[in-house]
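Subject: Structure for your files

Hello,

Here is the structure I said I would send. Please have the sequence open beside it as you read.

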Amino acid sequence: REEILIPMAADDRRNGDLTNHNHRDPKKPRLSEFLTESDIRSEFAHHQTGVARVNNGSFGCCPSSVLDAQREWQLRFLRQPDEFYFNGLRRGLLASRTVISSLINADDVDEVSLVDNATTAAAIVLQRVGRCFSEGKYQKEDTVVMFHCAFQSVKKSIQAYVTRVGGSTVEVRLPFPVSSNDEIVSAFREGLKKGRANGRAVRLAIIDHITSMPCVLMPVRELVNVCREEGVEEVFVDAAHAIGSVKVDVKEIGADYYVSNLHKWFFCPPSIAFFYCKKRSSELDVHHPVVSHEFGNGLAIESAWIGTRDYSSQLVVPSVMEFVKRFEGGIDGIMERNHDEAVRMGLMLCNAWGTNLGSPPEMCVGMVMIGLPSKLCVESDEDAVKLRSYLRVHRLVEVPVYFLGLRDGEEGVRDKDSGVITAYVRISRQVYNETEDYERLRDAITELVKDQMTCQNLPPFGIFRCNNKALEEEEPQTLAKVPEMAEQTEKPIRLLNFVSEEQLEESKKERGERVEDGTFQRDRALYEILKENKDKKDAEFNERFKHRPPKALAEDETEFLDKLEMSKREYERQLADEDEQQIRSFQAAVAARSATPQEPQEAALPPPASATKEHKTTGKRNSATRPFNTIIRVKPQLKKVKATEEEKKEISGPPEPLQTGLALVSYSDESEDDD
Amino acid sequence: MKNNKLKTIPLSTNPMASLSPPEEEAAAAAASFHHRRSKRYSSSTTNGLAAESVPDKRHKISLPPSFISSSEIESEFSHHDPAFARINNGSFGSCPSSVIAAQRDWQLRFLRQPDRFFFDELKPNISASRAAIKRLINAEHDDEVSLVDNATTAAAIVLQQTAWAFREGRFDRGDAVVMLHYAFGSVKKSVEAYVSRSGGEVIEMQLPFPVNSAEEIVNRFRTGLALGKANGRKVRLALIDHVTSMPSVVIPIKELVKICREEGVDQVFVDAAHGIGCVDVDMKEIGADFYTSNLHKWFFAPPSVAFLYCKRSGAGGNLHHPVVSHEYGNGLAVESTWVGTRDYSAQLVVPSILEFVNRFEGGIDGIKKRNHESVIEMGEMLVKSWGTQLGCPPEMCPSMVMVGLPVCLGVSSETDAVRLRNLLRERFSIEIPTYFRAPGEGETDSITGYVRISYQVYNKPEEYHRLKDAINELVRDGFKCSSLTD
């Protein structure tokens with residue numbers, strides 16, 4: 001329990017600090033060696049500007065100092081590959097593994113292998129299980145038990161490796177929305193029972209540490225214990241989102257296999273995951289599916305060479321440690337603050353929308369599920385995709401939307417309009433996020449509701465795509481928006497009718513006693529306050545939603561497929577051309593930035609130019625944004641109303657080529673600001 | 001003036017510019033060496049270059065007004081360690097800085113707004129790469145071409161399919177898989193992991209080395225197949241290298257595939273780790289069921305990307321990527337497009353590579369041809385100086401040649417070979433792989449040590465002369481491999 005006490009101490013310090021601050025800056029460091037806000041901005045300067053990126057959970061992020069380190073490694077290879085292969089690579093990989101192994105409290109560095117991603121690790125585990133079936137070690141019909149909302153790739157891996165050779169699967173329905181760990185544990189016990197019916201053996205249990213969609217922090221240690229009690233042969237924890245998001249102690253969790261991506265919440269570039277195999281397991285026969293001359297030398301060594309390829313992302317872990325050390329409390333501090341902020345923003349949103357959180361704060365991480373107003377009428381997965389695209393394209397908000405289908409006899413949770421909540425957004429909070437990002441999401445949804453828009457009368461996807469350019473064109477516009485928003489945030493009224501800032505801070509002060517149950521519970525006091533305020537809703541949860549199943553998972557990958565199919569080739573090309581030009585100027589900007597070691601403070605402020613622009617356009621925009629239909633439906637109109645004076649002149653000419661030009665203009669503007 | 005301009009552009013857009021040698025140095029170096037090919041690219045390395053535009057030569061309109069100059073080549077590969085004679089392109093390949101820059105663009109695009117990149121850009125652009133490769137290798141359909149990390153991955157994909165066939169009873173236990181003795185180590189291990197384990201019998205065919213003619217190999221192969229078919233056994237898979245890696249020999253692949261067809265071999269898998277950019281790769285002519293080639297070895301791709309061709313009419317439908325995603329069951333080409341979040345940038349640069357190779361006379365075919373001619377010339381120069389011989393006749397060499405080492409060096413084990421390689425790297429700054437060939441029974445004073453030299457566009461004759469001199473110096477000093485320790 002030292003592992004848990006240490007961050008606690010850091011916590012207290014931070015909480016003390018927090019009280020001296022106004023509500024907006026929990027991450028602001030006191031000590032000068034910590035990253036300032038402008039440092040952080042410059043570390044993530046390669047992010048598309050103007051987009052509220054509240055979706056770290058899908059693809060993570062990587063700061064530029066780590067990217068630089070990665071390039072160094074890439075160069076070392078390109079410079080003299082043979083030398084690197086013989087003398088640099090293995091040592092570098094071992095260094096990364098060593099860092100991780102102490103971070104996750106593994107007994108031995110040999111327990112830790114580096115692979116591409118959690119998907120690869122799943123293939124490794126399931127391939128092994130498949131072999132046991134086909135070689136007769138397991139009986140046909142023996143089972144694999146998993147949660148219904150396990151990642152799609154994992155399910156497909158089971159299909160490819162396990163059901164193909166006669167194994168069967170039991171899917172446990174994860175209750176959602178969920179109000180306590182017990183709900184999950186008892187659902188899981190049921191599942192195991194089913195798995196063992198008719199004298200079958202449960203050969204493998206797959207447990208998510210943090211489910212992806214819907215997102216819930218699972219009581220993983222309890223679940224592993226249950227598996228042990230019930231005689232499950234092996235336990236594989238798929239913790240794609242874990243490291244950097246929750247405290248990971250593999251010994252405490254006690255699973256046989258544990259995998260976590262490092263490119264999601266641990267600031268690594270794509271892609272790297274660690275795969276932990278309890279040492280005992282290394283005597284079992286676990287192999288990397290891509291076989292090289294290292295076959296048979298243990299998974300860690302096998303994974304360290306799977307043919308010539310780019311291993312650079314696996315070599316930067318020490319550099320990532322350098323990066324996180326520049327934050328108060330290191331990765332633990334980041335984790336804490338991400339959680340706290342995500343919950344705070346989640347409460348702000350569900351307060352504004354009159355909805356609920358998908359799980360209580362202590363079952364959230366840096367990601368939180370928030371119910372969407374029922375008036376949006378999200379009635380299918382397609383609607384959810386549509387809404388998400390709308391938010392991306394027209395509102396410049398990147399956030400995944402989850403559709404929760406009602407099963408027979410279920411009534412669902414109702415929002416303030418007494419409609420059933422059928423959809424949730426998953427917000428993420430990472431160091432680069434700002435309150436404005438969430439406010440933009442809040443306002444977008446609020447405005448949709450106000451304008452009586454529903455998923456049914458949102459324009460179809462195809463039109464979105466044609467309007468995708470809006471992303472670039474609107475950038476000056478969004479910049480102009482910033483001051484307006486900053487004003488708003490200064491008013492502390494947002495949370496008043498739910499839980500006030502004072503209450504929050506107080507609760508944080510009180511927080512401290514941590515129930516050491518593997519789930520790393522947080523915000524006890526905060527939760528209690530929440531609970532008081534939500535008594536009625538909680539009662540509803542307990543009664544009606546204990547056995548509510550989540551809809552079949554439609555994660556990012558699935559959407560990715562769907563959307564691409566809908567896409568038109570020609571448009572892609574257009575898009576590519578535009579981007580190419582943008583990237584060039586963007587790169588130039590990055591190069592210019594790296595030439596200037598210290599980011600000037602002014603960069604933080606919106607450029608004076610755009611401030612004047614704002615002046616010119618405010619009136620227009622306000623009148624324009626209200627009648628929503630005009631904006632979304634007809635592209636030229638959108639541009640007319642939104643364009644600044646100069647832009648307007650240009651736009652009146654032939655539209656297509658000029659738009660590209662505009663995008664470029666807006667970028668070079670920014671790069672100048674940065675200098 | 002133009003020369004300078006051309007030179008500075010790649011440097012300035014190159015994020016690694018800081019590591020490239022100062023411009024004057026590069027220019028001086030460009031002027032100082034006498035590149036035997038320089039005449040093909042330019043009349044001189046001075047500013048007079050611009051005059052040597054080649055409007056009369058046949059090339060597409062998209063090409064730059066003149067072919068790449070030798071100084072431009074230098075700058076494209078300026079990230080290479082200048083201290084080293086890197087005459088080992090065969091091991092890890094090379095990637096010009098313009099392609100690296102293109103790759104960085106892709107990486108940045110992802111980092112900039114990952115969701116949008118994955119939703120809108122990844123798949124169509126991987127398709128564009130696949131389509132480009134399809135044309136290059138003369139495949140019938142785009143979906144015959146999948147992009148994977150490397151030939152090792154491709155082998156795992158094909159062999160996993162074989163393993164399934166054994167496990168599910170489509171092949172009988174004891175049915176044979178034949179492969180060449182000189183198959184790549186990883187592939188052998190893959191066969192062990194997937195095929196032997198599932199009950200397949202593996203038969204390795206010994207090949208002669210040094211080789212005198214393609215017939216030798218064809219004959220051995222026939223013998224091997226006959227062995228595989230002994231006792232009514234079926235040969236389910238023949239695994240043939242297109243260019244063996246060590247020792248390096250071009251295998252008469254078309255003949256061997258034909259023989260396999262005649263002899264009723266179920267499937268033929270050609271492992272051409274060194275294929276594209278190194279030898280002629282025409283799927284219809286070769287006629288194999290599966291064919292894989294790395295693009296990062298001889299096709300200027302960054303690490304790592306390889307294509308796996310699966311004949312449509314063959315067993316391609318049963319192939320699956322071992323890393324399973326939601327795309328499972330949508331065909332290998334689509335499955336390979338998404339194997340979890342990772343960096344796909346290397347797979348996206350194929351169009352940029354084509355741009356690069358088209359700056360050379362004759363494009364990739366011209367490069368291939370000149371590399372082959374140059375490496376033969378260098379190999380012959382070396383054997384003449386060392387009094388040894390080449391490992392195979394020139395027509396069986398790709399852009400790599402096995403060159404016999406003087407017998408007096410006493411290479412008498414694989415360890416000796418490795419130590420000699422290390423010595424050449426450490427003392428002489430030469431990067432070159434060495435090979436130990438065990439003498440046959442009754443052979444005395446035969447050549448036991450070989451080096452494999454490669455030739456790629458960035459190589460210069462001096463580098464081979466440095467190797468020549470280094471070995472001659474060792475010989476003169478009475479050096480023996482037995483004196484080396486680790």
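Residues are numbered from 1 along each chain as its sequence is written, chains are lettered from A and ligands numbered from 1 in the order in which they are written, and side-chain values use heavy atoms, with hydrogens and water left out.

B:Arg421 lies in helix H17 (residues 414–428) of chain B; helices (H or I, at least four residues) and strands (E, at least two) are DSSP runs, numbered from the N terminus. B:Arg421 counts as buried because its relative accessibility is 12% (buried is under 20% relative accessible area, exposed over 50%, partly exposed in between; 1.4 Å probe, protein chains only). Its side chain makes a polar contact of 2.6 Å with the side chain of A:Asp82 (a pair of N or O atoms within 3.5 Å; within protein, one must be able to donate a hydrogen and the other to accept it, and residues adjacent in sequence count only if both atoms are side-chain atoms).

B:Lys460 sits in the loop between strand E12 (449–454) and helix H18 (461–476) of chain B. The side chains of B:Lys460 and B:Glu74 are joined by a polar contact of 2.7 Å.

Chain A has a mean pLDDT of 75, with 65% of its residues at 70 or more (pLDDT is the predictor's confidence in each residue, from 0 to 100). Where pLDDT is low, the predicted coordinates should not be read in detail.

Regards

Note on methods: This is a predicted model: local features need pLDDT of at least 70, side-chain atom pairs count only at pLDDT 80 or more; totals for chains, interfaces and linings use all residues.
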